[in-house]
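Here are some notes to go with the model you asked about. Have it open while you read.

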Amino acid sequence: MITIINTRQLLLLFLLVLSYFPSLAQQETMDKQTKKLIDQLYKNAQAPDGYIHCATSPSEMLMHSKDYESREHSFEQYIGGQRSIMENKQLARAAVLEIPIIFHIIHNGQDLGTSSNLSADLINAQLEQLNNDFRKIAGSSGDGGGVDTEIQFTMALVDESGQLLPEPGIHRIDGRTITGAGTEPYSRTLYNSTIKPATQFDPERYLNIWTGGVSAPRGILLGFAQLPEAPDLLGIGTGNGGANTDGCVVNFFSIGSTSMPNPSFRAGPSRLGRTLTHEIGHWLGLRHTGGDGDCSADDFCADTPTAQGNQFGCSFGRDSCPEPGLDPLENYMNFTNDDCMDRFTACQKDRMRIVMGDTGNGSPRRAILASSTVASMAYSRTSSLSMAKTTGTALPSEDITISPNPANDVLFINGLPKGDYTLSILSIEGAEFLRKEVHNEETSYRIELELMNVGVYIIHVTGADLNFRKRILVDR
Ligand SMILES: [Zn+2]
């Protein structure tokens, strides 16, 4: 039996009671009451099997105990206002937004690929699941009844100093080497106070994801996220969390995908990668579809029908509230089984795109990520900047292809126009390995790679009507 509360009603009752207490007693009373509300939010998020699916709402309550309701309201006011701007002005949507990710794998010295020291295959599967879900890739498990959010994710290729990462998108750390961290599992508090600040990459260039053991006061926690921060925007203010804790944390055994479930069965029905889809939804400004309360609680999206609290399991056909529409079990922002989820709605897309800057008023550390170069054109930050200066008109990238990619000893650039152009091969950091003036009578050009080390490179071709760049992997 899941206990349901209406958070607002409880808070108002609490404020009424509080007014009868002398001022010195207020803080203690506030703390007790806040604790009670936080406990309730944790209970609302706890599945019958004992797993606590998400601690984003109790985390928010903890940070804003005195003004939780007003802050929630002001944030929603901002989002609502931005939605109106979007609808009224019919602003053209930006192109697909790509967010570079770094996965900080917090382990305790286990062999590579075991327990919390997750394999790169599993991390890559998780990335694919995120893109299936956010992009509603046709034929994939994310191709449900929702929308394509036109937000996608890519692995960071370089670290903060521009050095190529040994494994794309992955930063492995033995948690025991972090001062004050101790051994896993780690609590939400410890992640925020110790692990995140010690390991985070620049949150203006990376979406930081931490995987590891995660504990909670009365159970095991699957994940939590930090809501967007928007100090200069109407109705937002500061206080959703500092820059050095920005990102999402997910329990290592929830990392996976529908085609590569996490090999640990500890997460039961939550091992197909939807925990991270859900947490990134929060990170981009979404609330639980059930609003963390009863039928009067809201997620501020009219296209997610109201429901009595959060749902677990996978009981399709349930309709728990008088308002029309079945409970939104298939929504990523619910707490149902991973294999029941397959959609974001149009309203949820709008909210996330607003946070990412679609109305020109995006959230700090979010909107800027779409122009981060850590996953692609890192060389624009280097002394090789001149390499990027061309007068040519960019051709649609689909006109030119590179094969094979990954390449071994040779690759071909296909679909080139005949004529003169400059061919360059650069490291991801901008160092130039090859520069060649080419007069080509064919539409294909062959490049020998035998002398090049294994790694990621940029192929850059420029000419009178040509400005083509593509990332390649040399692998043997
Ligand atoms: Zn959540």
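The points below run from the whole chain down to a single residue.

1. Ground rules. This is a predicted model, so to speak of local features takes pLDDT of at least 70, side-chain atom pairs count only at pLDDT 80 or more, and totals for chains, interfaces and linings use all residues. Residues are numbered from 1 along each chain as its sequence is written.

2. The chain overall. Of the 476 residues, 43% count as buried. Buried means 20 or more other C-beta atoms within 10 Å of the residue's own, exposed means 12 or fewer, and partly exposed is in between, with C-beta atoms placed from the backbone. Taking contacts between residues at least 6 apart in sequence, 68% join residues at least 24 apart; a contact is two C-beta atoms, placed from the backbone, within 7 Å.

3. The α5/α7 pair. Helix α5 (residues 120-135) packs on helix α7 (residues 274-283) at an angle of about 60°, and their axes are 9 Å apart. Axes here are lines fitted to C-alpha atoms, for helices over the stretch in contact, and angles run from 0 to 180 degrees between N-to-C directions. That makes the two helices oblique to each other: under 35 degrees would be roughly parallel, over 145 roughly antiparallel, 65 to 115 roughly perpendicular, and the rest is oblique. On the α5 side, Q126, Q129, L130 and D133 meet L276, T277 and I280 of α7.

4. Helix α6. Buried residues in α6 are R188, Y191, N192, I195 and K196. Looking down the helix axis, they fall within an arc of 140°, so they line one face; the arc is that of the directions from the axis to the C-beta atoms. An α-helix has 3.6 residues a turn, so residues three or four places apart point the same way.

5. Three strands make an open, mixed sheet in the order β4-β6-β7, where pairing takes at least two DSSP bridges between strands. The edges are β4 (186-187) and β7 (219-220), each pairing on one side only. Strand β6 (residues 214-216) runs antiparallel to β7 over two bridges, and A216 stands opposite G219 of β7.

Conventions: Helices (H or I, at least four residues) and strands (E, at least two) are DSSP runs, numbered from the N terminus.
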